[in-house]
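Take a look at the structure below. The text then walks through it part by part.

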Amino acid sequence: MMLVNVLGVLLIALIVWWFWLYQPQATDLGDSELIIVVENGTYQPSRIKLLADQPASLHFLRKDSSPCSETILIPDLKLSDTLPLNKVKKIALPAMRKGEYEFHCQMKMYRGRLVVE
Ligand SMILES: [Cu+2]
């Protein structure tokens, strides 16, 4: 009984960590043509640093055939687009103010973040 409680608490801690605390390392967008791979439930990389007040573009390569991963949404920019399967798709971003902007798939299973600084 005790063991079950301990396991339950651990499981909750893991869920909290995964959904709220886990922060993957940020990758600089830089000048390079960074390609964000959409596969196995993650955007890789999922935390992308870019410069404020400059238009930029993201390149996505979707390898997951599930229909949900086809849509990409950046709610703060009112941006939504579709990603073709196994083809690089370029998404243009406007100049943005400093801050963090989430992007995700239709059901938020895939989640990423733009870090503008
Ligand atoms: Cu999804």
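Both Tyr43 and Tyr110 are buried, that is, under 20% relative accessible area with a 1.4 Å probe and protein chains only. Their ring centres lie 5.3 Å apart and their planes meet at 50 degrees, so the pair is tilted. Rings of Phe, Tyr and Trp (its six-membered ring) pair if their centres lie within 6.5 Å; planes under 30 degrees apart count as stacked, over 60 as edge-to-face and the rest as tilted. This pair links distant parts of the chain. Tyr43 sits in strand 3, and Tyr110 in the loop between strand 9 and strand 10, 67 residues apart.

A word on the source. This is a predicted model, in which local features need pLDDT of at least 70, side-chain atom pairs count only at pLDDT 80 or more, and totals for chains, interfaces and linings use all residues. Residues are numbered from 1 along each chain as its sequence is written, and side-chain values use heavy atoms, with hydrogens and water left out.

Now to another ring pair. Phe60 and Phe103 have ring centres 5.9 Å apart and planes at 80 degrees, so this pair is edge-to-face. Phe60 lies in strand 5 and Phe103 in strand 9, so the pair ties together parts 43 residues apart in sequence. Strands here are DSSP runs of E with at least two residues, helices are runs of H or I with at least four, and both are numbered from the N terminus. Both Phe60 and Phe103 are buried. Ring pairs link Tyr43, Phe60, Phe103 and Tyr110 into a cluster. The structure holds 4 aromatic pairs.

Next comes the metal. The copper ion is coordinated by Cys68 (SG) and Cys105 (SG), at 2.1 Å. Donors are N, O and S atoms within 2.8 Å of the metal (3.2 Å for Na, K and Ca); water is not among the atoms, so sites may look incomplete. Cys68 lies in the loop between strand 5 (56-62) and strand 6 (71-74), and Cys105 in the loop between strand 9 (99-104) and strand 10, so the pair ties together parts that are 37 residues apart in sequence. Both cysteines, Cys68 and Cys105, are buried.

Follow the chain on from there. Strand 6 and strand 7 (residues 79-82) pair in the antiparallel sense over 4 bridges; two strands pair if DSSP finds at least two bridges between them. Thr71 has Thr82 in strand 7 as its bridge partner.

Note on methods:
Buried < 20%, exposed > 50% of the residue type's maximum accessible area, 1.4 Å probe, protein only.
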